[in-house]
Amino acid sequence: MESNATTSRLTAIALSFMAVIWVSPFSWLILNAFNPMSTGQLEIPKSIGLDNFALAVSGNAGRQFLNSLLIAAGTATLSVVVGISAAYPLSRLRIPGRNAFLWTLVLLRMLPSAGVLVPLYFAAQRGGLLNQFGVIIALTILNLPFTLLLLKNFFDTVPIELEEAAYVEGATLFQIVTRIVLPMSRAGIAVVWFFSFTGAWNEFLLPLIFSRVQDGFPMSVGLYAAFGQQGAINYGFLTAFSIIYAAPAVGVYFLLRRNMNTGFAGVGVKG
Amino acid sequence: MKNQANPWLTSNLLVLGLGMLPAALLIAALLYFTAWAFAFSFTDLALVGTKAVDWSWVGFQNFERLFTRRGFLESLWTTVIFVFFSALVGQSVLGFLLAATLRGTASRLKSVIEVCIMLGWLLPDIVAAFLWSATTSQTGLINAIFVRPFGLPPINFINDYALPIVIIANIWKGTAWSYLLFSAALDSVSREVVEAAKVDGATPFQRIWLVQLPIIRPHIATNMLFITIWTFTYFPLIYAMTGGGPGRQTETLAVFLYNQSFARGNLGFGSAISVAMLVIVGLLSLVYLRMLREPK
């Protein structure tokens, strides 16, 4: 018993130590972001202020925030809408060739965006879509196999008897879907929306290639362009900008955390 | 399974079919783009200049270049090292150890650690790259704690140890995924089995190695394959930290592809690199399909 307690205390100490190591890189970020006189050095600020954050939400930086929001929310919503309207029939109807189609999706899900980068660029250039809307459509296309499979799996778990009962009561197809199927797979839809949102919010490669003008940069490209510059780098601004850029993805996760954990097992373990 | 005689479905086949149309079109586009990548790889198409409009078919020339010129094979090797150490050794082993250790510990400590490692995972790639560039710079945290107090000159880690630093950054970023997956898998192992082993006198190590590990082996295999494929094509973190340099030390295939296609403008050759990546990922995916089909 004695040795057991010692072991668990040692484990706890080791784990706490690891947690400290894990978050230690953030120290620099926080120290500089709240230091109005930031120089990019690792030092305790002499004064604390929010000047950097004021800078990081105005002008160009503010526009980049809106661009990122447009791309992320647009991709997530488009993926979920297109996904739902196809996943419900896929789940309920016995369409010829359905299984072949599902296996194709499983394979396509693994397709790296790098593999179709050049054709995507070309198609967008031809269609005049080298802008945020092009990014939204491209990301939705790349997302769709994953979205479809996941939504179909969630719809499969909704008992069809409920739909039968609703039909007997005189409900239309639209009512059945919006009043029964969607509410019952709410958690799953939230997971899909979150995955698409954060994926698009973080996306760097496609906007890097698709954004021709600085006005169209999302935050990822904006941040990259700013810290790639040689010479006078405003570290205070960049660190504050990074925190603002990271906040939505982190925030949405903790908001949806309970839903996420139910959804996660299904995401990774099964196809 | 579901019978076809559900009247609210059969009387609305047209609506349901129309609902599937957008998704079908987008999936068709994805297949079409894949085929297009194959076609481009046999041309000398360029991003700008005359070759952008007036390109021609060059047969297998691009693929010959993959194997005869410097670049591709080195990148492939860099990618293999990057994937092996960051995904398989780093994320998977660390994620499993954490999941196994945290399973029995107090819930408070557990949620603190979960939040800590999730922060790395949730952080956008470019912010993570920025953070790690700063942490490993000459005035950064690692030098401030481990080098300068001993009177040594500060080390420019990102220049001198580029690949190891990128690997560590990726472990830091990706471990949460493996952890979540392995926790979910370990939760599915019934407590009775573990208790029975305990009663029989198995040490904690034996309980993990001989009892729990074999039970969750399918999950381990799936996870390994997933993170191998993802890490194999991972671009933003490396590109933003090093751009593939110094020299070509951290030029993984994804970075090589980007540099060739969009920095140098050789879209034809870039497509050949894409095709090579697609073939490798395709082979790995086939392994995955077989695992899914096998009865567990």
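How many helices and strands are there in chain B? In this predicted model, chain B has 15 helices and zero strands.

**View 1. Here is chain B as a whole.** Along its principal axes, the C-alpha atoms of chain B fill a box of roughly 80 × 75 × 30 Å. The radius of gyration of chain B is 24 Å, whereas a compact globule of 296 residues would come out near 19 Å. Of those 296 residues, 42% count as buried. If you look at contacts in chain B with a separation of 6 or more, 68% of them join residues 24 or more positions apart.

**View 2. Now to the spans annotated in the record.** An unreviewed UniProt entry lists residues 12–39, 76–100, 112–132, 161–182, 220–241 and 267–289 of chain B under "transmembrane region". Residues 220–241 of chain B are 86% helix and 0% strand, with 30 Å between the end C-alpha atoms. Residues 267–289 of chain B are 100% helix and 0% strand, and here the end C-alpha atoms lie 31 Å apart.

**View 3. Finally, meet the contact between chain B and chain A.** Chain B brings 71 residues to this contact, and chain A brings 64 residues. On the side of chain B that touches chain A, helix 2 (residues 13–40) gives the most, with 15 residues. What kinds of residues make up that side of chain B: nonpolar, polar or charged? The side of chain B that touches chain A has 50 nonpolar residues, 19 polar ones and two charged ones.

Note on methods. Residues are numbered from 1 along each chain as its sequence is written. Chains are lettered from A and ligands numbered from 1 in the order in which they are written. This is a predicted model: local features need pLDDT of at least 70, side-chain atom pairs count only at pLDDT 80 or more; totals for chains, interfaces and linings use all residues. UniProt positions are given in the numbering used here, feature names are shortened, and annotations may be inferred rather than shown by experiment. Helices (H or I, at least four residues) and strands (E, at least two) are DSSP runs, numbered from the N terminus. The radius of gyration is taken over C-alpha atoms; the globule rule is 2.2 Å times the number of residues to the power 0.38. A residue is buried if 20 or more other C-beta atoms lie within 10 Å of its own, exposed if 12 or fewer, and partly exposed in between; C-beta atoms are placed from the backbone. Two residues are in contact if their C-beta atoms, placed from the backbone, lie within 7 Å. Ala, Val, Leu, Ile, Met, Phe, Trp, Tyr, Cys and Pro count as nonpolar, Asp, Glu, Lys and Arg as charged, and the others, Gly among them, as polar.
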